[in-house]
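Subject: Structure for you to look at

Hello,

Here is the structure I promised to pass on. Please open it beside this email and follow along.

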Amino acid sequence: MTTARECAKTPEDLARIWVELANAGDAEGLAELYEPDAVMAFPIGNTIVGREAIREAFEQMLRMQSHYEMEESLPTLRHGDLALTSTVPADHSTGRYQVARLQPDGTWLRILHSSGYFA
């Protein structure tokens with residue numbers, strides 16, 4: 001079985017994989033898209049640090065909302081092994097943006113993530 005992390009061959013893959021895992025109700029898989037010490041602002045104003053805390057936040061989020069649409073991606077900015085990705089929020093929240101880092105195995109994981117709000 002291919003894991004979510006193995007599928008993220010580009011930073012842009014992360015948004016698509018995130019939507020697929022969220023719609024499958026897979027909080028653990030969502031958390032695997034993040035480095036172990038990643039930082040997430042979710043909702044805005046609430047800082048979550050570390051993969052375990054991110055998984056717990058996603059468990060809560062998935063109890064509140066079970067369906068997510070793929071959002072329009074904005075152009076990715078890259079600098080070496082870092083990439084800034086963002087999407088146009090379908091829920092009209094304050095915005096979504098992520099910083100991903102290229103891993104030694106050639107996959108990408110998020111290190112920073114900010115998103116408007118749960119619902």
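A salt bridge here means a side-chain nitrogen of Lys or Arg within 4 Å of a carboxyl oxygen of Asp or Glu. By this rule the structure has nine salt bridges.

Some ground rules come next. The model is predicted, so local features need pLDDT of at least 70 and side-chain atom pairs count only at pLDDT 80 or more, while totals for chains, interfaces and linings use all residues. Residues are numbered from 1 along each chain as its sequence is written, and side-chain values use heavy atoms, with hydrogens and water left out.

The sheet

Helices (H or I, at least four residues) and strands (E, at least two) are DSSP runs, numbered from the N terminus. Two strands pair if DSSP finds at least two bridges between them. Six strands make an open sheet with mixed pairing. Their order is β2-β1-β6-β5-β4-β3. β2 (47–49) and β3 (77–79) are at the edges. Each has a single partner strand, so one side of each lacks a neighbour in the sheet. From one strand to the next, the twist averages 15°. Angles run from 0 to 180 degrees between N-to-C directions, and axes are lines fitted to C-alpha atoms, for helices over the stretch in contact.

Now look at one pair. Strand β4 (residues 82–87) runs antiparallel to strand β5 (residues 96–102), with six bridges between them. Leu82 stands opposite Arg101 in β5.

Helices on the sheet

Contact means heavy atoms within 4.5 Å. Helix α2 (residues 13–23) lies across β1 (34–41), β5 and β6 (108–115). Its angle to β6 is about 70°. Helix α4 (residues 51–64) also packs on the sheet and touches β1, β2 and β6. The direction of α4 makes about 50° with that of β1.

Salt bridges

Buried means under 20% relative accessible area, exposed means over 50%, and partly exposed lies in between (1.4 Å probe, protein chains only).

Start in helix α2. Asp13 bridges to Arg16, with the closest N and O atoms 3.7 Å apart. The two are three residues apart in α2, about one helical turn. Glu20 also bridges to Arg16, at 3.1 Å between the closest N and O atoms. Asp13 is buried at 17%. Arg16 is partly exposed at 34%, and Glu20 is partly exposed at 46%.

Next, find Arg96 and Glu71. Their side chains meet in a salt bridge (2.6 Å, N to O). Arg96 lies in strand β5 and Glu71 in the loop between α4 and β3, so the pair ties together parts 25 residues apart in sequence. Both residues are buried.

Salt bridges link Glu28, Glu52, Arg55, Glu56 and Glu59.

One buried histidine

Is His113 buried or exposed? His113 is buried, with a relative accessible area of 5%. His113 sits in strand β6. Leaving out residues up to four places away in sequence, His113 touches Trp18, Tyr34, Val39, Met40, Ala41, Tyr97 and Gln98. The C-alpha atoms of His113 and Met40 are 4.6 Å apart, although 73 residues separate them along the chain.

Tyr97, one of those contacts, lies in strand β5. Tyr97 is partly exposed, at 45% relative accessibility.

Best wishes
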